[in-house]
Amino acid sequence: MEKMTSLNPVAMVIFGAGGDLTWRKLIPALYSLFRDQWLPERFAIIGMDMRQMSDNEFRQRLRGGVEQFSRHDRPGDELWQRFASSLTYRVADFASPECYAALAKHLDELDGMWKTKSVRLYYLATPPQMIEVIPRQLGMAGLARDCENARIVVEKPFGRDLSSARSLNKILTSVFDESQIYRIDNYLGKETVQNILAFRFANALFEPVWDRRYIDNIQITVAEQVGVEHRGLYYDQTGALRDMIQNHLMQILCLVAMEPPVSFDADEIRNKKTDVLHAVRNIEPEHVHESAARGQYGAGWIEGTRVPAYREEPGVNGDSAIETFASVRFFVDNWRWQDVPFYLRTGKRLPVRISEVSIQFRPVPHQSFPATAIRDFQPNRLMIRIQPDEGILLRFQAKRPGLQIHLSPVDMHFFYREAFRAKPPEAYETLLVDVMLGDGTLFKRADQIEAAWALMTPILEAWESSAPPDFPNYAAGSWVVEPAAILIARDGRKWLTPSISTAEEGGAAIHGRP
Ligand code: BG6
């Protein structure tokens with residue numbers, strides 16, 4: 001793709017510009033795009049929030065965020081001044097029509113100065129309840145009318161269950177056309193997640209074995225080492241199922257399970273992903289206990305440091321029943337995947353930060369080697385490492401050097417860092433460029449969100465109606481969450497340890513953790 005400096009001007013309005021997301025993610029990403037000449041030459045960022053701040057205070061605060069979080073070095077004064085000249089701040093009450101009238105005037109002035117119609121991005125970096133307010137006000141002020149140029153970006157969480165997601169979609173689509181709405185899932189902006197499509201559909205090698213005949217099960221793990229950090233209040237109303245599985249893990253499942261798209265068109269890809277969600281078998285209420293398991297961390301040790309239990313975290317209820325770990329087994333009822341379990345798990349305060357998709361192939365149909373040769377036998381396994389140390393590993397059997405036949409599993413690897421030697425862009429950089437270009441491929445459509453929430457409903461209802469008797473049930477820093485181990489053991493399987501190996505180690509996997 002050509003760089004964007006010559007493209008149409010863009011005016012980006014950030015609602016909630018005084019918040020953490022703007023400071024930590026959005027502005028560092030926009031600064032990186034600016035530095036790498038991915039922003040149009042005529043570009044303005046209008047930050048809006050409730051608190052009083054001058055333009056200069058706003059810029060100063062954002063510079064701190066860029067210095068801390070941008071993937072580039074700290075910006076020099078000259079470069080920063082050039083970038084900061086596009087930043088302005090307006091104090092705003094998001095519920096007041098005057099605020100939108102003033103915004104409309106400001107945007108018209110920009111168009112006048114640029115002598116053309118700009119692309120207008122309205123970015124909701126606000127608390128979730130604002131989704132009910134801002135789009136309506138934008139609509140009433142006539143700021144949503146231009147289907148070509150006006151776009152709205154909505155952050156997660158998108159609802160907290162099916163009915164709230166539906167009503168948010170209703171509000172949004174009563175003002176904006178679906179093609180103007182960009183619902184963000186930052187996982188879809190990650191290089192490795194996008195690479196699942198490249199890996200599957202740009203190579204002829206794997207697709208023929210990518211089905212129930214060759215694959216025994218698929219495991220998607222998103223393990224975090226951090227606890228709830230400063231987000232206790234939010235998290236204690238949310239939990240791991242809503243926070244991670246409904247969105248990030250289900251999106252990864254779709255990319256792994258979808259049928260080949262006919263083209264790279266945004267709707268074609270989103271249709272294929274939605275087909276997967278529609279094929280996922282509903283978990284009946286009476287089967288929730290055998291299809292889903294939850295956990296909550298107690299105190300424990302992470303890398304030699306004692307860390308508190310979830311219930312002791314700031315903002316968290318002292319007898320909270322919220323899960324910090326969730327695992328679910330899904331089946332995708334179609335020709336390709338019938339009876340292949342997809343095991344999803346995610347949790348906070350696990351021993352390491354690692355996200356990986358493991359494709360576990362079936363064993364060979366007939367074992368011709370003597371029993372002594374196959375003591376260490378492992379069926380083939382493909383590991384798509386989403387983060388950190390992004391890459392792909394393929395495990396297969398090799399004959400160990402020696403006079404006797406003895407087979408050992410070995411790994412063939414590809415690491416981004418070795419192969420491309422460039423730091424990949426942050427997810428938000430990719431996603432922001434796509435919104436500016438009007439490409440919705442990596443964003444979620446209303447039907448996808450609703451289908452994913454529908455699948456969560458029985459689990460949410462079952463968990464909300466029966467308090468877990470055993471919380472906390474895993475120690476911070478441990479992989480062992482007993483209900484999840486039982487869930488998979490009932491199927492005669494176990495969780496595959498993510499491949500803890502790095503580019504530095506040359507891909508030699510460290511096995512043997514539970
Ligand atoms: C967010 C969740 O969507 O993703 C957080 O709300 C979680 O709880 C985060 O920590 C993980 O994102 P990443 O990019 O660090 O894997």
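**Exercise 1.** In which strand is Phe361 found?

*Solution.* Phe361 is found in strand β14, residues 354–361; strands (E, at least two residues) and helices (H or I, at least four) are DSSP runs numbered from the N terminus. The model is predicted: local features need pLDDT of at least 70, side-chain atom pairs count only at pLDDT 80 or more, and totals for chains, interfaces and linings use all residues. Residues are numbered from 1 along each chain as its sequence is written, and side-chain values use heavy atoms, with hydrogens and water left out. The next step is burial: Phe361 has a relative accessible area of 10% and is therefore buried (under 20% is buried, over 50% exposed, in between partly exposed; 1.4 Å probe, protein chains only). Last, the C-alpha atoms of Phe361 and Leu382 are 8.0 Å apart in space, while the two residues are 21 apart in sequence.

**Exercise 2.** Locate His406 and state which side chain it contacts.

*Solution.* His406 is in the loop between β16 (391–399) and β17 (407–415). With a relative accessible area of 17%, His406 is buried. Its side chain makes a polar contact of 3.4 Å with the side chain of Asp376. A polar contact is a pair of N or O atoms within 3.5 Å; within protein, one must be able to donate a hydrogen and the other to accept it, and residues adjacent in sequence count only if both atoms are side-chain atoms.

**Exercise 3.** Classify the ring pairs Tyr31 with Trp80 and Phe199 with Trp210.

*Solution.* The structure holds 20 aromatic pairs. Rings of Phe, Tyr and Trp (its six-membered ring) pair if their centres lie within 6.5 Å; planes under 30 degrees apart are stacked, over 60 edge-to-face, and the rest tilted.

1. For Tyr31 and Trp80, the centres are 6.3 Å apart and the planes at 45 degrees, so the pair is tilted. Tyr31 belongs to helix α1 (residues 20–35) and Trp80 to helix α3 (residues 77–84), so the pair ties together parts 49 residues apart in sequence. Both Tyr31 and Trp80 are buried.
2. For Phe199 and Trp210, the centres are 6.4 Å apart and the planes at 65 degrees, so the pair is edge-to-face. Phe199 sits in helix α7 (residues 191–201) and Trp210 in the loop between α7 and β7 (215–223), so the parts tied together are eleven residues apart in sequence. Phe199 and Trp210 are both buried.
3. Ring pairs also link Tyr235, Tyr297, Tyr310, Phe325 and Tyr474 into a cluster.
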